[in-house]
Amino acid sequence: MTHPFHSTLREMVLDAAAQGRTLRPHGSRSKDFLAQQLAGAPLDMRGAQGVIAYEPSELYITAHAGSRVADIEALLAGRQQMLAFEPPLFGPGVTVGGMVASGLSGPRRMAAGSLRDFVLGVTVMDGQGRVLRFGGQVMKNVAGFDVSRLIAGSFGTLGLILDVTLKVLPLPHAEQTRLLELDNTTALRRLREWGAQPLPISATCWHGGRLHVRLSGAQVALDAAAQLIGGEVVDVVEAAALWQSVRNHTHAFFDGDAPLWRVALPPMAPHLALEGDSLTEWNGLQRWLRSDTDADALRHVVGALGGHATLFRGGRTMDRALGVFEPLKPEVMAVSQRLKKAFDPSGVFSPGRLYPEL
Amino acid sequence: MSALPQAHAETAHIHAAAATPAAISPAALIVELSRVLPADCLITDSGRLRAYECDGLMLMREMPLAVALPTTEAQVVAVLRTCHRLGVPVVPRGAGTGLSGGATPHKQGVVLSTARMNRIVSVDRLAQQAVVQPGVRNLAVSEAAAPHGLYYAPDPSSQIACSIGGNVAENSGGVHCLKYGLTVHNVLRVRMVSMAGDVMEVGSAAPDCPGYDLLAVTIGSEGLLGVVTEVTVKLVPRPRVARCVLAAFDDVRRAGQAVADIIAAGIIPAGLEMMDQATTVAVEAFVHAGYPLDAAAILLCESDGTAEEVEDEIARVRALLDAAGAIEIRVSDGEAERLRFWAGRKAAFPAAGRISPDYYCMDGTIPRRKLADMLEAMNAMSDKYGLRCLNVFHAGDGNLHPLILFDSNDADSLHRAEAFGVEILELSVALGGTITGEHGVGLEKINQMCVQFAPGELDMFHRVKAAFDPAGLMNPGKAVPTLHRCAEMGGMHVHHGELPHPDLPRF
C-alpha cells in the first residue's frame, strides 16, 4: 500500500546511492545492541504507521512497517487472535518492520513456528528506490521466489521494509503452566520424550533446576497432558509474567553485564558443560548462556554439535572482532554477497550490520 | 484422456529456447558425461529418453540430449561441473509428477534426475527429524516414521509417487497444510549443489540460522537455484484420533460463509475442503461415497488430536455449520467412514477424466471470503465458454482447483478451455490472490506471472536466480518470464494441463 512517506524514502535512497552514502533503517532501535556494526545515517522508518488490512476470518494482518507491535497485538487480542511466534519485545515501541528485520521469535516458536513461517508478504524498497511487492495475503502462494521470507531476518541490509503481511492464529482456548524440579539433563530427556508425543506443549523454559512447561489448547487436552507431565500447576498471573519475562528478556537471568550468548542446537545435543549460567528454551533447541567463555572455543563446541552461536548482548567486554553472528561458510557467503548486490547494488543499506562482507 | 494435437506441442519450444544454445555437439557432450558417470547412470538413446520428454504437464514435450541419473552427490557435482564448463543447460527432475512443466526438458540440455538417490539416511524419534535423499518418495518418509508414532506432515495428493526433492522445488502443500504448513514449514535443512558444482547447506537441524534465509528462497524455487542432494525434515507426532464432518448446503454462498465462520471462531481444522454440486455428482457415480446429490455444495471438515480434543472441536464445528444453514451434517463414525467421506474428494480428478475426454486443472488461490464470488464468476465463465467446470477447493486456505472439462480433439474446445483458464487465473490475481497456490509456475503459468508481478519484481527474481546461478544454466526459461516476453505476450497465453498418472489421486 503506498504511503506519502514512501516518496520521501525514495528520494533519500536515490540521493544516498548517487552520493555513495549509507543509510541505516530503524524502528524503535530496541535491537541496536544486536549488530556486528551500526553504520549509515539513521533512517527512522516510523514515518508510515497503521494497519492496512486486518481480516480475522482470513487469518492475516497487513501493517505499515512503522506500526507498533504492541498495538498490533492488542488489536489481534480484541478478536481472540495473536502473533503465534511471540516476537520478543525489548522495549515498548518495537515496530513491525524491526520485528521482521530481526526475524526473532519467542517461547511459542517451538510449537507454532518462527517469525519467517508467518510472513505471507512484504513490500520493500530496494537500493534503486523501486517499490517491490512479494508474496501476498493468502496462505498458499508459490508464484516467484519466496523473497518475503528472505527479507525476514535480513536486518535491514537488503532493502527498506515498507509493509508486511503476517499470518495470525487464534488465541489458545486455555493455557496452563506446570513447574517441575529437575536437573538440566533430566529435563532435556523428559522434554524429548514428551515432544515425540502429540501433547499440546507450547513453550518450555529450564533455569536453575526448575522446568516450566506451558500447555495451550482445548481444556480437555490440557487436563490430560497435565496428568502425564506431572509437577505443580503455576498460578495464572505468575505464569503469564514468567513467559513474558522469558520472551522479552526481562527475566532476572538476563540482568547484569556478562556476555549473553544465544546458542541454537539440534534436538539431541547434550547439556553444554560450559562455565556460566544458562536458560534453556524450545525443548533444548535454544540455550541462552551468560558466559565470559572464549568465543572461538564456544563456537567450536557448538559447531561440533551442529549448532550455531550468536553473541546476543556483548556486555562490557564485548569483542565484536570475533563476529556477533556465527560466521558463514564461504559458499553461503558468496551467494549472500551476490544477493546483497542484487537488492542493494550501491551498498546503501546498513553495511556490516550482519557481517562485514554484506 | 486423449493425446493432444501435435500443433500445441510447439508452444513448449518457444519457452525452452530461452537459454543460450550450447556450444558443444551432442556427441561431444555425451563423451564428456560418460567420463564422470557410470554407463548405467546415463541415458542417451532416444527410445529411453522418451520417458523423460515431459513431467505431469504432458502438453509441454521436449527431448533432452541426455538424462543423467546420478546415485551419489559426487556424481551430481561432476555432472553439474561438466555442464557448467560446457555451457549446457541442466533441468533437475524429481519423480516427474509436477503439474506445471517445471521438469520439461531443454532441447539443448541435460535432465538431471535425482530419482536414484532414494535412501532414507536416518529417522530419529526423539529428535523428531529424518534425513533423506531427494529421490525418497513423500509417503515413504511417513512410512519410515510410522513405527515411531511420527509422520511427515505435507501430503501432496501425488504423495505415493512424488519425491522429497521435487517437494522442495515446488514447496508442495496438501490437504492438511492449513494446520500443519507447507514444505517450507516442515523442511529444516537442504544440502544442494549449485550449477557451478559447489556443495552448499542451507538451513540447519538447529533453529534459525544466522544470515539470509537461503533455505526459504530455495524451497519453491522450481529447480532454478540448485540440485537438492539431501534434506532434513521435521517429523510430527501422529494425532491419536481424526474425525471428519460432512456438511451439505443448498447454497454455495452459505457454504462459503460457513468456512469463514469456522476460521473466525478460532478453529484451525486439520482439513477443510469444499466441492460444488457438479463435482459431487461426478465423484458419487465413481466412488459411491454416499454424498447428498441435491446439495449445491459440500464441506468436509476434519479434526485431529486427542479423543477429547476432537470431540470438543467437532461439537463446535457442528454448531457453526448448523447456524450457517447446513441442510445435512454427518460426523464420521470410525476410520472406514472417515476415509469414505474423503474418497470422493480425492477422486475428483479421475472422476473428471471419466466424464470428459480432457480436463484442465487450475491452481489459483484467493482470499477465503471471495470463494462464493469466485464460484459465481466461474459459473458465468462456464456459460460464456460453453464448457463444464468441476469446482474443488482447499477451502480452508482459499486454494482452488477448478477442473475445466473439454475435448482436445475439438480445436475450438481446447482454445476455449485455455481462455477459460486464463480468465480464472487473472480473476484470482484481481481478487487479491495468486496464480498458483501449490502447483508452481513452471512453463505452464509463465505468462500469468506478467499479470501478477510488475517488471521490477520480475527483475528482482532474475537477480535472485543469478545470485545462485550466475551462468543462468539451471532450468533456464522456467518460472520467471523475461521482461521482453511479458511485453510481447499480448494475447498469447499458453495453458493446458493433462495428467500422465490418471491413477494417482489428485486433490
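**Figure 1. Burial and overall dimensions of chain B in the predicted model.** Of the 507 residues in chain B, 61% are buried. The C-alpha trace spans about 70 × 60 × 40 Å along its principal axes. For 507 residues, a compact globule would have a radius of gyration near 23 Å; chain B has 23 Å, so the two agree. Secondary structure in chain B amounts to 19 helices and 18 strands. Among contacts in chain B with a separation of 6 or more, 75% join residues 24 or more positions apart.

**Figure 2. Helices H15 and H16 of chain B.** H15(B) covers residues 371-385, and H16(B) covers residues 411-430. Their axes come within 10 Å and cross at roughly 160°. Angles over 145 degrees count as roughly antiparallel, and H15(B) and H16(B) are therefore roughly antiparallel to each other. The crossing is right-handed.

**Figure 3. Residues at the contact of H15(B) with H16(B).** H15(B) supplies Met374(B), Ala377(B), Met378(B), Met381(B) and Tyr385(B). From H16(B) come Arg416(B), Ala419(B), Phe420(B), Glu423(B), Ile424(B) and Leu427(B). By class, the residues of this contact are nine nonpolar, no polar and two charged.

**Figure 4. The side of chain B that touches chain A.** Here 78 residues of chain B are in contact with 69 residues of chain A. Several helices of chain B each supply at least two residues to this side. They are H7 (177-180), H8 (183-186), H9 (214-218), H10 (252-264), H12 (307-323), H17 (446-452) and H18 (455-468). H18(B) gives the most, with eight residues. The residues on this side of chain B divide into 36 nonpolar, 25 polar and 17 charged.

**Figure 5. The surroundings of Ile161(A).** Ile161(A) sits in strand S8 of chain A, residues 160-167. Is Ile161(A) buried or exposed? Ile161(A) has 28 C-beta neighbours inside 10 Å, and the cut-off for burial is 20 or more. Ile161(A) therefore counts as buried. Leaving aside neighbours within four places in sequence, the contacts of Ile161(A) are Ala65(A), Gly97(A), Val100(A), Ala101(A), Val122(A), Val124(A) and Ile151(A). His26(A) and Ile161(A) lie 135 residues apart in sequence. In space, their C-alpha atoms are 10.0 Å apart.

Note on methods: Residues numbered from 1 in each chain as written. Chains lettered and ligands numbered in written order. Predicted model: local features only at pLDDT ≥ 70, side-chain atom pairs only at ≥ 80, totals over all residues. Axes fitted to C-alpha atoms, helices over the stretch in contact; angles between N-to-C directions. Helix = DSSP H or I, 4+ residues; strand = E, 2+ residues; numbered from the N terminus. Parallel < 35°, antiparallel > 145°, perpendicular 65-115°, else oblique. Left-handed = near helix turned anticlockwise from the far one by under 90°. Contact = placed C-beta atoms within 7 Å. Nonpolar A, V, L, I, M, F, W, Y, C, P; charged D, E, K, R; others polar. Rg over C-alpha atoms; globule rule 2.2 N^0.38 Å. Buried ≥ 20, exposed ≤ 12 C-beta atoms within 10 Å, placed from the backbone.
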